Amino acid sequence: MKNGVYLAICSSLIFSIMNALVKEVSATIPSSEVAFFRSIIGTVLIFAMMRMQQVEFSKKGIPMLALRGVLGALYLIAYFYTISKIPLTDASILAHLSPVFVIVVATLFLKEKLSKQTIWLLVLAFVGAILLVKPFNYSTYSIYAFVGVLSALFAAGAATSIRYLSQRHHAYEIVFYFLATATVVSIPFMWNQFVMPSLYEWVLLGSIGVVSLIGQIFLTKAFTHENAIVVEVVRYIGILFNATWGFMFWSETPDGITVLGGVLIVAACIALSRKKKPQPTERPNQQSNQQLKEQPKEQQPPQSTVYTRKM
């Protein structure tokens, strides 16, 4: 196994610990308040890291940075709310729907075309999501699970914006805007339901902020050491980690429908991530150059000297 794979597994393990901490503290602290403290602690830490690395704030592209921050904030609040209401395994599986929504968002806004195979895989993932949401039960679980689906949609929107921003902004700056915006956005959600944390809850909230930032660092390093598709596939091991914590600490055992829905979603997402992009066709001048290189030297025409100026 390569270093990038190990780093991806470590990041998934760390994020699963964060999810377990979130579920524990959400028993007494509202999820919006958890998102606030997670964000403000991360904002302070990432700002300190920017100062240490001498990363300057950009003067251009602020609206797109703010949009990424809002989408990330809505994802965080919706995901934490889902964790607090339904089993940890279910919330984790629903969050892993984001690759499916990335394809949908990219198709709508980036005008990317879908193959027939991709469409069938999207349908398969959609069926899996229906099995997890369980709309046929008409219970409050359906509403909570639907919020989990929304969290995956917000995550997909944030991921699509990161594709654009990563070409123009430092990774630390993108993370800073995400956490700072999440801090501001979460304030109205917790305004009328703020609960003063106890000492134990302060420890949990502080741990969530630190652990989540460590997980983000491991994930970033994983992408620098390994192919992005491999990293995304390996990250599905996080569902197993979350299921382990849910069973150990909350005696959560998924039913058959949940297992089936999870298998459909994971299988569809892995298949989507492993799809190869079409290779660009070779241009005529590239073909002639390749044929020229394959000719014996005595058959090649003399090359003229061309002077170029470096830009």
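Modeller: Here, contact means heavy atoms within 4.5 Å. The model we are looking at is predicted.

Colleague: Which residues of helix 3 meet helix 4?
Modeller: On the helix 4 side, the partners are Leu88, Ala91, Ser92 and Ala95. The residues of this contact divide into five nonpolar, two polar and no charged. On the helix 3 side, the residues are Tyr79, Thr82 and Ile83.

Colleague: How many residues of helix 4 are buried?
Modeller: Helix 4 covers residues 88-95 and is mostly covered. Its buried residues include Asp90, along with Leu88, Ile93 and Leu94.

Colleague: How does helix 2 lie relative to helix 3: oblique or roughly parallel?
Modeller: Helix 2 spans residues 31-52, and helix 3 spans residues 62-85. They pack with axes 8 Å apart, at an angle of about 130°. That angle makes helix 2, relative to helix 3, oblique.

Colleague: Which residues of helix 2 make the contact with helix 3?
Modeller: The crossing is right-handed. Helix 3 brings Leu76, Ile77, Phe80, Tyr81 and Ser84. The residues of the contact divide into six nonpolar, three polar and one charged. Helix 2 brings Ser31, Val34, Ala35, Arg38 and Ser39.

Colleague: What kind of aromatic pair do phenylalanine 36 and phenylalanine 37 form?
Modeller: A search of the whole structure finds eleven aromatic pairs. In this one the ring centres are 5.2 Å apart and the planes stand at 75°. Both phenylalanine 36 and phenylalanine 37 are buried. Planes over 60 degrees apart set the class, so the pair is edge-to-face.

Colleague: And what kind of pair do tyrosine 79 and phenylalanine 80 form?
Modeller: Tyrosine 79 and phenylalanine 80 are both buried. Their ring centres lie 6.5 Å apart. The planes are at 40°, so the pair is tilted.

Colleague: Which residues form one aromatic cluster?
Modeller: A pair of aromatic rings is described by the distance of the centres and the angle of the planes. Rings pair if their centres lie within 6.5 Å. One cluster is made of Phe47, Phe57, Phe176 and Tyr177.

Colleague: Which residues does glycine 69 contact, leaving aside its neighbours within four places in sequence?
Modeller: Glycine 69 lies in helix 3. At 0% relative accessibility, glycine 69 counts as buried. The C-alpha atoms of glycine 69 and valine 175 are 8.3 Å apart, although 106 residues separate the two in sequence. With those neighbours left aside, glycine 69 is in contact with Tyr177, Phe178, Thr181 and Ala182.

Colleague: Now backbone angles. What is the phi of glutamine 54?
Modeller: Most residues other than glycine have a negative phi. Glutamine 54 sits in the loop between helix 2 and helix 3. With a relative accessible area of 67%, glutamine 54 is exposed. Its phi is positive, at about 55°.

Colleague: Where does serine 251 lie?
Modeller: Phi of serine 251 is also positive, near 55°, in a residue other than glycine. Serine 251 is exposed, with a relative accessible area of 61%. The place is the loop between helix 11 (237-250) and helix 12 (256-273).

Colleague: Step back. How many helices and strands does the protein have?
Modeller: Of its 311 residues, 43% count as buried. Among contacts with a separation of 6 or more, 87% join residues 24 or more positions apart. The secondary structure comes to 13 helices and zero strands.

Notes
Residues are numbered from 1 along each chain as its sequence is written. This is a predicted model: local features need pLDDT of at least 70, side-chain atom pairs count only at pLDDT 80 or more; totals for chains, interfaces and linings use all residues. Side-chain values use heavy atoms; hydrogens and water are left out. Axes are lines fitted to C-alpha atoms, for helices over the stretch in contact, and angles run from 0 to 180 degrees between N-to-C directions. Helices (H or I, at least four residues) and strands (E, at least two) are DSSP runs, numbered from the N terminus. Angles under 35 degrees count as roughly parallel, over 145 as roughly antiparallel, 65 to 115 as roughly perpendicular and the rest as oblique. A crossing is left-handed if the near helix is turned anticlockwise from the far one by less than a right angle, and right-handed if clockwise. Ala, Val, Leu, Ile, Met, Phe, Trp, Tyr, Cys and Pro count as nonpolar, Asp, Glu, Lys and Arg as charged, and the others, Gly among them, as polar. Rings of Phe, Tyr and Trp (its six-membered ring) pair if their centres lie within 6.5 Å; planes under 30 degrees apart count as stacked, over 60 as edge-to-face and the rest as tilted. Buried means under 20% relative accessible area, exposed over 50%, partly exposed in between (1.4 Å probe, protein chains only).
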